[in-house]
Amino acid sequence: MAFCTNCGTEVEDDVAFCPSCGTKMAGEDAKASPAKAAKSARTASPAKAARKIKYELEGGQLPVVVCNLEEGDEMFTESGGMSWMSDNIVMSTKMEGGLFKGLGRKLSGESFFMASYRAKGGPGLIAFASSFPGSIVARELAPGESIICQKRSFLAAARTVTLSMHFQQRLGAGLFGGEGFIMQRVTGPGTVFLEIDGAAIEYDLAPGQMMKVDTGNVALLEDTVKLSVTTVKGFKNILFGGEGLFLTTLTGPGHIWLQSMPIENVAKVIIPFLPKWGRK
């Protein structure tokens, strides 16, 4: 067995890339202990000092985050994610991390290209609006700290933050957990903004504590939380309960964010009212 030098995940020896963060597996450090692998990663590429971004959340249930950048501060978002900005914000668009990471972002629900914005010649202002009625969660990540997110949840982040895809390693969670095999992993250091469908409800799970969640209501979770799938018990519950056959189970320790109005549920309510000619 080997260990990823970026996140410390245990990986089979013949695997070329880490299934959790996409980092290329190579060298003897990957075959060392997780602690040695993490130490090697810090030595090889020390994290930049992340300056906390000043921001304000506006708009209520149609939220937008307005960020006040100091000169030299830089943020990034998916292509087309910016809403408005001051005239001293310099924009550049590129395929972050090369072809492999670009494809990984595409699979995890983001765009192939990412746009960067940097304040030049003084302080600047830039705003990012949510694409759906709901909430924006702001999180200050420490170096190496990660959050696992549903697809499409990434809104914007400081330049020091890393966005990558996260694989569900359990077959059942990937097939029936509501999020599929591929989710998003956001790793610090730095400030990140994530969008949630509807209201964001937060819980702290103690070690071993479980929360059973309907498909689609899982929004974000710390990477210490385990995601699995359980079967709804009882024939009548399955047939008439309206919850389907499976529920997502989140097991602590760690913090979780649940969303009250998944966009898939909204679509199910709207579809019966659409004209038949508008359906496929």
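# Briefing on a predicted single-chain model

Of the 280 residues of the chain, 43% count as buried. The model is a predicted one, and the chain holds five helices and 21 strands. Among the contacts with a separation of 6 or more, 74% are accounted for by residues 24 or more positions apart.

**Confidence**

- The mean pLDDT of the chain is 77, and 63% of its residues reach 70 or more.
- Over residues 28–48 the pLDDT is below 50, although this stretch has 24 contacts in the model beyond near neighbours in sequence.
- Residues 234–242 also have a pLDDT that stays under 50, and for them the model has six contacts beyond four places in sequence.
- Where pLDDT is low, the predicted coordinates should not be read in detail.

- Because Tyr117 lies in strand S8 and Phe128 in strand S9 (residues 124–129), the pair ties together parts that are 11 residues apart in sequence.
- Tyr117 has a relative accessibility of 2% and therefore counts as buried, and Phe128, with a relative accessibility of 0%, counts as buried too.

**Thr249 in strand S20**

- Thr249 belongs to strand S20, which covers residues 246–251, and its relative accessibility of 1% is why this threonine counts as buried.
- When neighbours within four places in sequence are left aside, Thr249 is in contact with Met210, Met211 and Lys212, and also with Lys226, Leu227, Ser228 and Thr230.

**Exposed sites**

- Gly60 is placed in the loop between strand S3 (54–58) and strand S4 (64–69).
- With a relative accessibility of 57%, which is over the 50% cut-off for exposed residues, Gly60 counts as exposed.
- The C-alpha atoms of Gly60 and Gly134 are separated by 8.2 Å, while the two glycines are 74 residues apart along the chain.
- Val269 lies in helix H5, which covers residues 263–270, and this valine counts as exposed because its relative accessibility is 54%.
- Val269 also takes part in a nonpolar patch on the surface, formed with Ile270, Ile271, Phe273 and Leu274, and these residues together have about 510 Å² of accessible area.

**Points to check in the structure**

- Does Thr249 count as buried or exposed? Thr249 counts as buried, since its relative accessibility is 1%.
- Which strands hold Tyr117 and Phe128? Tyr117 lies in strand S8, and Phe128 lies in strand S9.

Conventions
Residues numbered from 1 in each chain as written. Predicted model: local features only at pLDDT ≥ 70, side-chain atom pairs only at ≥ 80, totals over all residues. Heavy atoms only, no water. Patch = residues over 30% accessible without salt bridge, like charges linked within 9 Å, V, L, I, M, F, W, Y side chains within 5 Å. Areas by Shrake-Rupley, 256 points an atom, 1.4 Å probe, with all protein chains shown as cover. Salt bridge = Lys/Arg side-chain N within 4 Å of Asp/Glu carboxyl O. Helix = DSSP H or I, 4+ residues; strand = E, 2+ residues; numbered from the N terminus. Buried < 20%, exposed > 50% of the residue type's maximum accessible area, 1.4 Å probe, protein only. Contact = heavy atoms within 4.5 Å. pLDDT = per-residue confidence, 0-100.
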